[in-house]
Amino acid sequence: MSLHPFPYQLYLVISEADCIGKNFLTVAEEAILGGVDIIQLREKNDSTELFLQKAQKLMEITEKYGIPLIINDHIEVAEKVNSAGIHVGNSDTAPTFLRQLPSVQNKIIGYSIEHLAQLENEQTMVSDYLGISPVFKTHTKTDTITEWGLEGVAKIRQLTEKPLVAIGSIHLGNAKEVINAGADSLAVVSAICGAANPQKAAYELKNEILK
């Protein structure tokens with residue numbers, strides 16, 4: 001069972017680069033105003049110092065609105081900003097290891113899966129939610145193996161009670177299909193970060209989920 005409930009239906013994964021010239025902090029705040037429930041900061045190529053600076057600034061915004069901040073695979077940054085959680089993938093720090101760290105063990109831990117067999121492993125057991133990545137192929141994440149599709153989401157839903165966060169080329173046109181397939185939450189990057197009006201984009205996506 002999950003250590004944390006997961007009532008976060010619209011999940012923004014953000015990086016400075018994905019905001020394509022816009023201030024990522026402004027995008028994050030507009031997205032929250034539009035209906036984003038949780039935000040993950042993913043800065044794979046930043047130094048620890050730069051990642052931490054960005055996380056501290058973003059934390060000011062997320063705390064202002066009571067929105068959980070998740071840090072992508074960086075224990076030190078997660079510790080220093082006291083984020084709500086940390087998200088890891090297959091080649092990142094193992095959730096079982098994170099559960100042994102006093103500073104992280106009680107945080108939300110998300111884990112991305114790429115194979116059905118992973119539903120049986122210990123990493124899944126100790127995680128609070130599973131990232132289904134990618135549902136559809138995406139240019140923002142090219143290091144994954146499986147393209148799950150709607151059928152894959154439905155299959156995973158049959159096999160686990162863990163909250164499922166679907167990510168990968170999700171947009172207004174397919175959002176409801178992914179929810180109907182069994183996802184508890186939709187994680188988006190380009191659909192909000194690349195939008196001319198991030199607040200409107202978030203609002204429309206949230207309304208589609210709630211329909």
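Me: Which residue in β8 is the bridge partner of tyrosine 11?
Reply: Alanine 187 is the β8 bridge partner of tyrosine 11. This is a predicted model, where local features need pLDDT of at least 70 and side-chain atom pairs count only at pLDDT 80 or more, while totals for chains, interfaces and linings use all residues. Residues are numbered from 1 along each chain as its sequence is written, and side-chain values use heavy atoms, with hydrogens and water left out.

Me: How many bridges join β1 to β8?
Reply: Three, and the two strands run parallel. β8 covers residues 185–188. Strands are DSSP runs of E with at least two residues, helices are runs of H or I with at least four, and both are numbered from the N terminus. Two strands pair if DSSP finds at least two bridges between them.

Me: And how many join β1 to β2?
Reply: Four, again with a parallel run. Isoleucine 14 stands opposite leucine 41 in β2.

Me: What do β1, α1 and β2 make?
Reply: They make a right-handed β-α-β unit. Right-handed means that, with the strands pointing away from the viewer, the path from the first strand over the helix to the second runs clockwise. Helix α1 (residues 24–34) lies across β1 and β2 and runs at about 180 degrees to β1. Axes are lines fitted to C-alpha atoms, for helices over the stretch in contact, and angles run from 0 to 180 degrees between N-to-C directions. Contact means heavy atoms within 4.5 Å.

Me: Why is β1 called largely enclosed?
Reply: Because five of its five residues are buried. Buried means under 20% relative accessible area, exposed means over 50%, and partly exposed is in between (1.4 Å probe, protein chains only). Leu10, Leu12 and Ile14 are on one side of β1, Tyr11 and Val13 on the other.

Me: Which way do the β3 residues point?
Reply: Leu69 and Ile71 point one way, Ile70 and Asn72 the other. All are buried. In a regular strand, side chains alternate between the two faces of the sheet.

Me: What joins β2 to β3?
Reply: Three bridges, with the strands parallel. Helix α2 (residues 48–65) forms a right-handed β-α-β unit with β2 and β3. From β3 the chain crosses through helix α3 (residues 75–81) to β4, and that crossover is right-handed too.

Me: What stands opposite asparagine 72 in β4?
Reply: Histidine 87 does. Three bridges join β3 to β4, which run parallel.

Me: Big picture: in what order do the strands close into a barrel?
Reply: The order is β1-β2-β3-β4-β5-β6-β7-β8, eight strands with parallel pairing. Neighbouring strands are turned by 25 degrees against each other on average, direction ignored.

Me: New topic. How many aromatic pairs are there?
Reply: A search of the whole structure finds four. One of them is phenylalanine 6 with tyrosine 8: their ring centres are 5.0 Å apart and their planes are at 90 degrees, so the pair is edge-to-face. Rings of Phe, Tyr and Trp (its six-membered ring) pair if their centres lie within 6.5 Å; planes under 30 degrees apart count as stacked, over 60 as edge-to-face and the rest as tilted.

Me: Are phenylalanine 6 and tyrosine 8 buried or exposed?
Reply: Both are buried. Tyrosine 11 and tyrosine 129 form an edge-to-face pair, at 5.9 Å centre to centre and 65 degrees between the planes. This pair links strand β1 to strand β6, 118 residues apart.

Me: What is the relative accessibility of tyrosine 129?
Reply: Tyrosine 129 is at 0%, so it counts as buried. Tyrosine 11 is at 1% and therefore buried.

Me: Which residues do ring pairs link into a cluster?
Reply: Phe6, Tyr8, Tyr11 and Tyr129.

Me: On to α6. Which of its residues are buried?
Reply: Gly149, Gly152, Val153 and Ile156. They cover an arc of only 100 degrees around the axis, which puts them on the same side of α6. The arc is that of the directions from the helix axis to the C-beta atoms. On the other side, Glu151 and Gln158 are exposed.

Me: What do the buried residues of α6 pack against?
Reply: β5, β6, β7 and α7.

Me: Last one. Where is glutamate 120?
Reply: Glutamate 120 is in the loop between β5 and α5. At 67% relative accessibility, this residue counts as exposed.
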